[in-house]
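Biologist: I am new to this structure and should like to learn how to read it. Please take me through it one feature at a time, giving the general idea before the particular case.

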Amino acid sequence: MELGERGGAGPGPGKPALEREGLELLQHTVGALLSSYGWYILLACVAIYFIVQKMAPKLRLRSSSQQGAAGAAVEPDMVVRRQEALLASRLRMQEELNAQAERYKEKQRQLEEQKRRQKIEMWESMQEGKSYKGNLKLSQQEAEPGASTSSAVPKSKPNKKPLRGGGYNPLSGEGGGTCSWRPGRRGPSAGG
């Protein structure tokens, strides 16, 4: 029994003392840390909580889309249908673009034809000895039959009064007004 008492008494009192010192040291360290940085730690925890709450739906969507992508790779029929639909939409858009290009080319051809006709008319009027500008105005009036003849008469401009008198010369220094510039004195400055 002596061995049991000595063996039980030796490690028993020494171990709780070490544990107590370790716990006291931990308690003191944690207490000092919380007293110094407690509010910062609390605010950081709240911020992390809100960030996790905001990011959780996005992470769920990303994981579900990755699972959906993996499922689409498994089903080759879906992939083939998507590619066919994409090809059909591309062909449809290309056909629309071609149709627009044809309309544009036709419009350009019509404009070129109209310009060619006007040039021919101008040449014929010049051959006859008429003014080609007057003929051009007549052809424009024929193109617009709804236009009134009073608009063809140019309006006379009202007599404008000149802004300054005829004798005004800005370099003379006369007739200017209150603001007149004079050069400074020549010679060394008066400062010391």
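**Reading the model**

Biologist: How many salt bridges does the count come to?

Modeller: Side chains of opposite charge can pair when their charged atoms come close. The rule asks for a side-chain nitrogen of Lys or Arg within 4 Å of a carboxyl oxygen of Asp or Glu. By this rule there are three salt bridges. Please note the basis of such counts: this is a predicted model, in which local features need pLDDT of at least 70, side-chain atom pairs count only at pLDDT 80 or more, and totals for chains, interfaces and linings use all residues. Residues are numbered from 1 along each chain as its sequence is written, and side-chain values use heavy atoms, with hydrogens and water left out.

Biologist: Which residue forms a salt bridge with Arg109, and where do the two lie?

Modeller: The partner of Arg109 is Glu106, with 3.0 Å between the closest N and O atoms. Both belong to helix H3 (residues 76–128), three residues apart, or about one turn of the helix. Helices here are DSSP runs of H or I with at least four residues, strands are runs of E with at least two, and both are numbered from the N terminus.

Biologist: Which residues are linked in a network of salt bridges?

Modeller: The network links Glu113, Arg116 and Arg117. Glu113 meets Arg116 with the closest N and O atoms 2.5 Å apart, and Glu113 meets Arg117 at 3.6 Å, N to O. Glu113 and Arg116 are three residues apart in helix H3, and therefore separated by about one helical turn. Glu113 and Arg117, also in H3, are four residues apart, again about one turn.

Biologist: What span should the residues of H3 have?

Modeller: The expected span of a helix is 1.5 Å times one less than its number of residues. For the 53 residues of H3 this gives 78 Å, and the end C-alpha atoms are 78 Å apart, which agrees. After H3 comes Gly129, whose phi is positive, near 95°.

Biologist: Where does UniProt place the coiled-coil region and the transmembrane region?

Modeller: Such positions are given in the numbering used here, with feature names shortened, and the annotations may be inferred rather than shown by experiment. An unreviewed UniProt entry gives "coiled-coil region" for residues 90–121; that stretch is 100% helix and 0% strand, with its end C-alpha atoms 47 Å apart. The unreviewed entry also gives "transmembrane region" for residues 30–52. Residues 30–52 are 100% helix and 0% strand, with 26 Å between the end C-alpha atoms.

Biologist: What are the centre distance and plane angle of Tyr49 and Phe50?

Modeller: A pair of aromatic rings is described by the distance of the centres and the angle of the planes. Rings of Phe, Tyr and Trp (its six-membered ring) pair if their centres lie within 6.5 Å; planes under 30 degrees apart are stacked, over 60 edge-to-face, and the rest tilted. The count is one aromatic pair. The centres of Tyr49 and Phe50 are 5.8 Å apart and the planes stand at 65°, so the pair is edge-to-face. Phe50 is exposed, at 52%.

Biologist: How many helices and strands are there in the protein?

Modeller: The protein has four helices and zero strands, in the pattern α-α-α-α along the sequence. Of its 192 residues, 2% count as buried.

Terms used
Buried means under 20% relative accessible area, exposed over 50%, partly exposed in between (1.4 Å probe, protein chains only).
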